[in-house]
Structure formats: C-alpha cells, structure tokens
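I opened this notebook to record what I looked up in one structure. The entries follow in the order in which I made them.

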Amino acid sequence: MASTAHDQDTGDQVTLVCSGSDPDEKPDDIVDEIIISTAEIGSWDLPSVLTHKIIIIEASSHRLIEESSYFRGLLGGSFSESRLSSISIRWNVESFVNVLMVVFGFDVEISSDNFVPLNEAALFFGVDSLLCKCRVWLEEVTSFRGIQSPQLCLDGLVHIWKYGLEHANDFILQLCTSYLAMNFMWALSFNSYIDVPDKLLYSCIQHPDLTVDSEKHLCEAILVFLNANTAKSEGLNSSDLCDKQIRTSLLPLWYTLGKRRCGFFSKFADKATSTILSLARYPSTNSTDVFRGCDLSQLRIRLTKYTQKVDVSSCPQITSGLFLLSALPSCETDSMLRKIINKASMNIGESSFQISDAVCQNLSFEAVQELDISNCPSLSLESAIDCFCKLFPSLRTLRAAYYLNFKTRKLRQLVQKLPLLANIDLSLDIKPVIPAQVSIAVSSSVLIPESSTAPLSYRSKPLVSNIIRLTLEGRTDLSDSDLRIISEVCCSLSYVNIKGCTSVTDHGISEMILKCKRLKSILACDTSFGNGSVVAFSSSISTETEQSENNPQLMAFKLLTLHVGGCHGITGKILSELMSRADNLKSLCVRDLKLVDDALYRFSGVSLEMLDVSNTEVSFAALSRIIRRNPDLKSLKTRGCIHLLRQESETKERKLFNPLYTPEEIYSELGKSCKLEEIELGWGFSFFSLEALKPAMRTLRTLLVGLGGSLGPDGLKLLPAICPLLETLILFFQVISDSAITDIINTLPHLQSLALCYCLGGISPLSFKFRMPNLRNLKLERVTPWMTNGELATLAENCANLVTLSLIGCILLDSEAQAIISSGWPGLTFLHLEECGKITANGVRSLLDCHALEDLVLRHTGPGIPRNFITHASSKLPMLRKISLDICDAREADFDVPTFVDRCFLSTLKIARCNLRKNTLDFHHVEAHRTPVHKETLIMVWNSKKLVTTVVKERV
C-alpha cells in the first residue's frame with residue numbers, strides 16, 4: 001500500500017534531479033523543470049509531470065535506501081554523495097518516475113511498450129519489488145494464447161526477447177520462445193512476422209509446444225520467411241529447416257506437388273510426394289507399416305496440449321493409424337506401448353480401427369475443438385469416429401467433406417460418440433443431374449453392396465444433441481427418413497444446408513422445418529423445397545395471431561438465411577407471403593425463379609447483406625427498392641436478369657413506387673449506400689454504371705460481368721483504381737484488349753482468380769508476358785485460339801502457382817502440351833481441356849503426373865484416349881472424384897466403365913457422345929468436313945447407397 005506524507009521521515013530528505021539519459025542533448029536557454037515531492041506522490045499528475053525535461057524530486061532517503069540497492073550503496077555507504085543534499089540522475093525520466101512510484105508503494109502499469117525500460121531501470125537501481133512485478137507481468141501475459149492476450153503484440157514480444165538476449169536472461173528468453181511457439185498461428189497474422197529474428201524463429205520451431213493448425217501452415221511460414229530474408233538469413237540453414245523441421249510427409253498432396261518448382265525446396269517436395277503417393281496407394285498397410293519405420297517423427301501430426309484446431313484436409317495419406325501414432329507420448333521411449341499398438345493394428349486393420357480405453361486414457365487432447373479431415377480418401381470416417389471420440393473429447397466442429405461412403409443415417413451414432421459437436425460438414429460435390437436443369441432421356445440405378453465395416457455401436461437411450469449447424473450439401477443419398485432422424489437428433493438446429501440433395505421431397509423438408517423450431521437458416525437450392533416447406537415457416541401461428549404478419553413468434557420472422565434458388569415448386573404468391581414476414585433476413589437467394597418482383601416488394605427488411613436474383617424476371621423498380629432499404633448489402637447477383645432492361649412493371653406494388661429511376665440512378669444509389677464485397681452483373685450494366693458504382697466498389701473482392709453487361713476496354717482499365725482489393729474477376733462476352741488485360745495483371749496484386757470466357761476483341765500472347773505469382777485459378781475459354789505449345793510454356797512460367805486451369809478452343813496445342821502442363825503446374829486439382837487441338841491424340845501420359853487432380857475434363861482433344869483410361873486414371877490419381885470425357889476422343893470408339901471397386905475415389909463420371917453432321921456447303925469434301933455435334937451425355941453418379949446412371953440430352 002502507498003505510504004502517505006504522515007508516515008514518511010520528513011527530516012531525512014534528499015533531492016533527486018532527473019534530467020534524462022541523452023548525453024548529446026544540448027541544454028536550452030530556458031530551463032524546463034518542475035519540482036515535486038514524494039510526500040505528495042499519490043496526487044502526481046504524471047502526464048503533466050513528464051512533459052518537463054528536468055524533474056526535481058524531494059524524496060525520503062530512508063525509503064530509497066530501504067527499497068533500492070543502488071541508493072543503499074550511494075546514500076548509506078562511504079560515497080561522497082551520501083553527504084550531499086542533491087543527487088543528479090541521468091536516466092529516462094518516465095522510467096525513473098515509475099521506479100520511484102514502486103519504491104514508495106504505488107502500482108505502475110506495465111505493458112509491452114515499457115516492460116524493457118522498467119526492467120532495465122529496476123536492475124540498475126536494484127529495486128527488487130519492481131523486478132518481481134515485471135516478472136509476474138511477463139508470466140501472466142505469456143500464459144494467454146493468441147488474441148486472448150491484448151497486452152502483447154508480435155513486435156512487443158520480439159522487443160522483449162531481444163532485451164532478454166542482450167542481457168542473457170534465460171527466464172525472458174524461455175517465456176518469449178514458449179509463447180511464440182504456442183501461438184504460432186497468431187504470429188503469422190502479423191505483417192512483421194518476416195522480421196522475427198532468425199534465432200527466435202528457429203528456437204520456436206524446435207520448441208516441443210510448437211502449435212500449428214496444419215503442417216502446411218508451418219511449411220508456408222518457413223518458406224515465406226526464407227524468401228523474405230534470403231540476403232540476411234545467413235545464420236539460418238534453409239536445408240536444415242526444410243529437411244528436419246517440416247514433416248513433409250504430412251503436407252497436402254497438391255501443395256507438395258506445387259512446391260516442386262520452388263527452388264531449394266524442390267528436392268524435399270519430390271521426396272515428400274513420393275512418400276505421400278506410396279502411403280495413399282496402399283492404405284490398407286498403413287496401420288502396420290507406419291509403426292515399423294525407423295523415423296516415425298515425420299508421420300506424427302503435430303498435437304500439443306494447446307492445439308485447438310487440426311487441419312489435415314486434402315491429405316490422401318492420412319489414416320486413423322497416423323492419428324493414433326501422433327497421440328503417442330513418444331514412440332522411441334515407450335517401446336511397450338508401441339508394440340501394443342502395432343499388434344492391435346495388425347490384428348484389426350484400418351477398416352475396423354479400434355482403440356482400447358486403457359491405451360487412450362492418457363492420450364486425449366482436451367483443447368482440440370475443430371477438426372478438418374475433408375478430402376482424405378484413405379481415411380474411413382465411420383471407423384475413425386472411435387478414434388476421434390477418445391483423442392478429441394471436446395470436439396465442437398467436424399469438417400468431413402467428400403466422404404462418399406458415410407451414410408447419413410449414421411449421424412445419430414456420430415453425435416452420440418462426440419456429444420459436444422455443434423457444427424458438422426458432410427458435404428459432397430453438387431451432382432450434375434438437377435432435374436429442373438436437364439432433359440433426362442433414360443435413368444436407372446443399382447444398389448451398392450453393403451460394406452463389411454463394423455457398425456458403430458450406440459445406446460438406445462434418448463439422445464441430447466448440441467448440433468446447431470449441419471451441412472449436407474450434394475448428398476443425393478439423403479432421404480426423407482434421414483431428415484426425420486436429423487429432426488429427432490438435432491433439436492437445437494439453427495442452420496442446415498441441403499443444397500443439391502435431390503432425393504428429399506417437399507413433404508420431408510417441411511416436416512423437418514416444423515420439428516426444428518430454432519431453425520433460422522436453410523440452404524435448399526436445387527431441391528424439391530416447395531410451397532409446403534414455405535408454409536411450414538408460418539404454420540406454428542395460432543388463430544389469434546394469424547392476422548399479424550410480423551409476429552415475432554413466427555419462424556419466418558426469425559429467418560436469417562433463405563436460399564431456394566432453382567426450387568421451382570414455389571409459387572410467387574406463397575413466396576410473397578413468406579417474404580412479408582421475414583423481416584430479419586440477411587441472406588436471400590431466389591435465382592432461377594419466376595415472379596420474384598412481388599416477393600421483393602413485400603419484403604420490408606433492412607438487414608439484407610446478400611441477394612441473389614440471377615436468371616429471374618426481377619425489374620429495376622423492385623431491385624432498387626431493396627437496395628435503398630438495405631445499406632448493409634455486401635453481395636449482389638443479378639446476372640441473367642434480362643428484365644432489368646425494362647422500365648415498366650405490371651405489379652400493383654409497382655404503381656406505388658417511383659417509376660422514373662434509370663439503371664445508372666439505381667447503381668448510383670447502390671454506390672452511395674453500400675460497401676460491396678461481391679457483385680455479379682449482366683443485362684443493364686454498362687461503363688456508365690461502373691462510374692456510378694465507384695464508391696461501393698472500393699471494398700470489392702469478386703466481380704463477374706456476364707452476357708448483356710458491357711464494361712468495355714475503358715471500364716476494364718479503370719478496375720484497378722476502382723477495385724484495388726479485387727481477388728476474383730470473371731468476364732463473359734466482354735470486349736477485351738491487350739492493354740486492358742495487362743493493366744489488370746500488373747496493378748491488381750491481390751488477384752487470385754481470372755476467367756476470360758467467350759470474350760470479343762483481340763488479345764495476344766503479350767497479355768500473359770507478365771508474372772502473376774498470386775494467381776491460383778485461370779480460365780481462358782474461346783479467347784486464345786493462337787496459343788501454341790511455346791506460349792503455353794510461357795504461361796506456365798508466369799502463372800506458376802495455378803491449382804485450377806481451364807482451356808477451351810486452343811486448337812494449336814498438340815501432345816507435347818501434356819508435359820508442359822504437368823511440369824508447369826504439377827499441383828493442379830482441376831483441369832479442363834476442350835477443343836484443344838491434338839493434346840490426347842497419342843494417349844494420356846504426362847497429364848497423369850498431376851497426381852493431385854480431383855476433377856479432369858478432356859473433350860475433343862484428340863482420339864487417342866485408351867479404352868481403360870477411366871480405371872487407369874482412378875488408380876493413378878488418389879484424389880480424383882470427377883472425370884468428363886467425350887466418345888470422339890476414344891481410341892477404340894468407347895470407354896470401359898469402372899466397377900464399384902475399380903472406381904477408387906471416383907464419384908461422378910460423364911461421357912458425352914456426338915453425331916457427325918455433314919457440312920452441306922461443301923459438296924466436294926463431304927467426308928473431310930464432318931462436324932461433331934453433341935447428341936447426349938451419359939452420367940454415372942455414385943453415392944453411399946447406389947449407382948445412378950442417367951442419359952441427358954445436354955452437354956453437362
């Protein structure tokens with residue numbers, strides 16, 4: 001507690017003259033000083049006091065001697081100063097005043113900004129109480145994790161660490177290193193991460209508590225640091241970091257393949273790729289072989305007691321055995337436990353992987369709340385659940401996308417074994433057969449044989465679930481009975497995504513809505529969601545409240561997200577009634593529906609952030625009303641709305657609305673009131689609209705301009721200035737030029753996705769002579785007919801980091817282009833080649849070196865693809881889920897369809913068939929000028945229950 005003026009020895013005073021520590025500071029003609037006394041220390045106005053260059057302090061020498069070893073020796077010893085009434089102090093004024101505050105019993109506020117000067121002053125003046133306060137403060141702030149510690153930023157941490165290094169203070173060094181290791185993901189969010197000292201980074205990476213979400217994050221962090229510090233990181237051995245510190249065998253396959261072109265890291269990427277492919281191609285032996293190897297550290301997923309998120313997505317080598325191995329305390333020291341696990345693995349295999357309670361009782365990681373195992377084809381989800389429920393008992397979020405064989409009816413067992421789960425993602429690819437979008441000629445199905453996997457055991461007692469968010473997108477095996485199970489199990493459900501679940505009916509969806517009373521968000525695009533489901537959102541009202549459209553007890557009133565695009569079972573009147581009650585909507589998608597004008601007029605909400613009215617008959621009048629009332633709008637999609645060209649509307653509500661708005665005035669209204677992040681435009685959009693939209697587009701990240709819209713070359717040139725943060729640019733049927741594309745490439749540093757589709761005007765190889773290291777996705781469809789193998793190689797050199805590539809109409813490419821693609825972009829996950837010369841005229845070889853391919857499209861690329869290509873590609877590419885081919889490219893005029901076993905990870909197969917149409921204008925060379933014209937497409941779709949084979953008239 002602070003001493004008062006009454007309990008100090010007023011007869012034993014000393015004058016301290018503190019004038020700062022800068023010896024080069026020249027004295028002013030006018031002395032700027034202030035006289036204060038420690039007898040009144042409790043009333044010091046520190047901000048005012050510290051404005052003076054010289055501070056004269058009357059202090060009790062007795063208290064100074066008692067609390068400070070410096071003053072004890074100076075005033076209590078034989079020094080000449082002990083007889084002086086005034087002592088000059090050359091020290092930082094603020095630090096010295098804080099020292100006196102502590103000496104006289106007052107607290108001081110310690111922060112990362114003043115820790116070093118306070119600790120330094122405490123050491124110099126020998127104030128143990130202040131040293132203790134600094135120590136306690138540092139222990140406290142480094143006990144927090146990441147953003148939970150508002151008192152410490154990365155720059156402050158590095159400053160403190162440097163101080164500890166200069167003074168050889170192991171205590172400070174250990175705390176700083178440990179804190180950085182535990183919060184490594186937090187450190188990566190700072191731009192100053194690349195300025196972290198080499199020694200600190202190296203110590204952090206070697207620390208046993210190093211905590212990262214995934215091995216990819218660590219690898220990328222090291223590579224970014226090395227690239228940024230190439231010149232000054234002489235003390236940091238890049239080979240040692242990459243070889244010994246990065247567990248390359250746990251990196252995603254696409255990532256390691258992509259890094260094969262990364263200078264010094266290429267040899268490590270080659271080695272990692274070989275290991276990953278070996279593990280992925282023989283998953284049945286993983287559980288035993290991983291325990292027989294000599295160096296298991298490279299196969300241990302980083303798990304610490306501080307780990308909150310585990311991300312192993314897109315890793316085909318991941319199995320339950322690797323998770324178990326990672327949980328072991330030390331395979332080298334605990335040889336007995338190693339033998340037990342090895343024996344258990346050999347006995348039961350991967351398909352029925354079990355972990356005994358005795359083995360796992362000390363191997364759980366309580367802090368883990370989020371797990372992402374999406375797109376891991378070697379991992380059996382059903383058998384892995386037993387592993388996860390023991391290793392991660394506090395798991396709240398499970399992302400497990402692309403697990404085709406996981407049956408939705410197993411959800412009950414999943415929830416029981418992981419009772420704290422609140423968010424589950426079991427989504428699959430949206431299947432190409434959406435009944436409302438295609439003309440089905442023939443369709444049949446075959447049940448898939450039941451797997452021998454042992455069923456998950458569960459108790460039949462009532463189940464209480466914490467699930468509030470459930471994503472089942474693309475699961476065509478989802479049925480009404482599954483929705484009933486979901487309704488029973490997920491009583492607290494507030495968000496559900498059943499987009500593309502074509503097997504559920506309107507009745508099944510409406511039943512789920514009625515039972516899930518807390519449901520606030522539903523994404524049901526391209527399903528049978530219809531009038532019954534709409535009515536279900538309002539059916540709970542009583543007779544007394546039916547007259548009130550905005551009754552807060554209605555589910556519709558609480559609705560936040562409604563995505564029903566492509567749901568043609570909804571009539572305009574029923575949709576309008578729902579919209580009149582959904583005042584709190586934040587996200588609305590009604591794409592591909594008719595009669596949405598009335599529904600938008602009936603909507604009185606003011607909180608809308610996302611609106612998708614693509615391919616509807618919406619008018620500018622209805623759209624402008626929404627824009628004016630919803631200033632928080634961040635995403636707007638109006639592509640394909642041809643009625644936006646009209647100025648008239650026949651609705652009754654339209655008569656109540658000002659009919660004189662022009663498109664430019666509406667876009668001006670949008671520009672004034674909104675801060676857009678995403679916009680898709682078409683009919684009614686022009687260069688003048690772009691000018692009006694300028695204020696709203698400063699924050700824009702995604703821009704799509706489709707048919708009917710017209711940016712023009714001048715508009716394209718303005719984009720970098722108007723949308724400096726743009727990440728995705730998609731253009732359909734636009735007039736483009738070399739200069740416009742060059743400006744975009746050179747002046748949009750954040751651009752990651754670029755699509756030029758069916759555009760007019762002239763672009764040449766000059767457009768792609770510039771490096772685009774950040775570009776990840778590229779589509780060039782019908783815009784580069786001049787592209788040769790050499791120009792493709794130049795493109796690969798300048799866009800080295802692509803993961804998706806689509807080329808249509810590059811008619812000059814030949815079979816050598818395969819090697820250019822596989823060597824230039826080895827990490828591709830999506831490849832679409834159509835009407836591209838003779839790329840496959842001699843077969844498909846080099847393309848299969850893109851081992852991470854998930855989606856492959858080869859159409860009209862040369863008649864050299866072998867009959868067994870589908871099965872062969874599935875076996876060579878462990879991540880492959882979708883293949884699209886054309887009979888025109890078959891060497892033997894047909895393709896063999898894979899069996900259930902031979903398809904590996906494949907879930908969708910499309911084979912198009914053409915008829916050859918004679919060119920009636922050429923009577924002399926009829927046979928030489930036959931043009932292939934699409935006839936039909938065979939589509940085979942596998943789900944957890946059956947194989948569905950469909951023939952449609954469209955090319956999909």
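**Entry 1: Salt bridges**

I began with Asp107 and Lys133, whose side chains meet in a salt bridge at 3.1 Å, N to O. For this entry, a salt bridge is a side-chain nitrogen of Lys or Arg within 4 Å of a carboxyl oxygen of Asp or Glu. The two residues are 26 apart and link distant parts of the chain: Asp107 is in the loop between α4 (93-103) and α5, and Lys133 is in helix α6 (residues 128-141). Helices (H or I, at least four residues) and strands (E, at least two) are DSSP runs, numbered from the N terminus.

I note that the model is predicted: local features need pLDDT of at least 70, side-chain atom pairs count only at pLDDT 80 or more, and totals for chains, interfaces and linings use all residues. Residues are numbered from 1 along each chain as its sequence is written, and side-chain values use heavy atoms, with hydrogens and water left out.

I then checked the accessibility of the pair. Asp107 counts as exposed at 62% relative accessibility, whereas Lys133, at 30%, is partly exposed. The cut-offs are under 20% relative accessible area for buried, over 50% for exposed, and partly exposed in between (1.4 Å probe, protein chains only).

Next I looked up Arg302 and Glu215, whose side chains form a salt bridge of 2.8 Å, N to O. This pair also links distant parts of the chain, 87 residues apart: Arg302 sits in the loop between α15 (286-289) and β5 (309-311), and Glu215 in helix α11 (residues 215-228). Both Arg302 and Glu215 are buried.

The next pair was Lys945 and Asp482, in a salt bridge of 3.7 Å, N to O. Lys945 lies in the loop between β27 (931-942) and β28 (946-952) and Asp482 in helix α21 (residues 480-489), so the pair ties together parts that are 463 residues apart in sequence. Lys945 is partly exposed at 33% relative accessibility, while Asp482 is buried at 5%. I also found Arg261, Arg771 and Glu797 joined into one network by salt bridges that share partners.

How many salt bridges does the whole structure hold? My search returned 25.

**Entry 2: Overall composition**

I recorded 34 helices and 28 strands in the protein. Of its 956 residues, 55% count as buried. Among contacts (heavy atoms within 4.5 Å) between residues at least 6 apart in sequence, 73% join residues at least 24 apart. The protein exposes about 41100 Å², of which carbon and sulfur atoms supply 52%; accessible areas come from the Shrake-Rupley method with a 1.4 Å probe, and for residues only the protein chains shown count as cover.

**Entry 3: A helix pair**

How do α5 and α7 lie relative to each other? The axes of α5 (residues 115-125) and α7 (residues 154-166) come within 9 Å and cross at roughly 25°. The two helices are therefore roughly parallel to each other. Axes are lines fitted to C-alpha atoms, for helices over the stretch in contact, and angles run from 0 to 180 degrees between N-to-C directions; under 35 degrees counts as roughly parallel. From α5, Phe115, Val116, Asn119, Glu120 and Leu123 meet His159, Ile160 and Tyr163 of α7.

**Entry 4: A buried serine**

I looked up Ser806, which lies in strand β22 (residues 804-808). Ser806 counts as buried at 1% relative accessibility. Leaving aside neighbours within four places in sequence, Ser806 is in contact with Leu778, Lys779, Leu780, Glu781, Phe830 and His832.

**Entry 5: A nonpolar patch**

Leu707, Phe733 and Tyr758 make a nonpolar surface patch of about 280 Å². Patches are made of residues with over 30% relative accessible area and no salt bridge; like charges are joined within 9 Å, nonpolar side chains (Val, Leu, Ile, Met, Phe, Trp, Tyr) within 5 Å. Phe733 is in the loop between β19 (728-732) and α31 (738-747) and is partly exposed, at 41%.

**Entry 6: Positive phi values**

Most residues other than glycine have a negative phi. Tyr402, however, has a positive phi near 70°. I placed Tyr402 in the loop between β7 (397-399) and α20 (411-417), partly exposed at 24% relative accessibility. Glu835 likewise has a positive phi, of about 55°. Glu835 lies in the loop between β23 (830-834) and β24 (855-859) and is partly exposed at 26%.

Methods. Angles under 35 degrees count as roughly parallel, over 145 as roughly antiparallel, 65 to 115 as roughly perpendicular and the rest as oblique.
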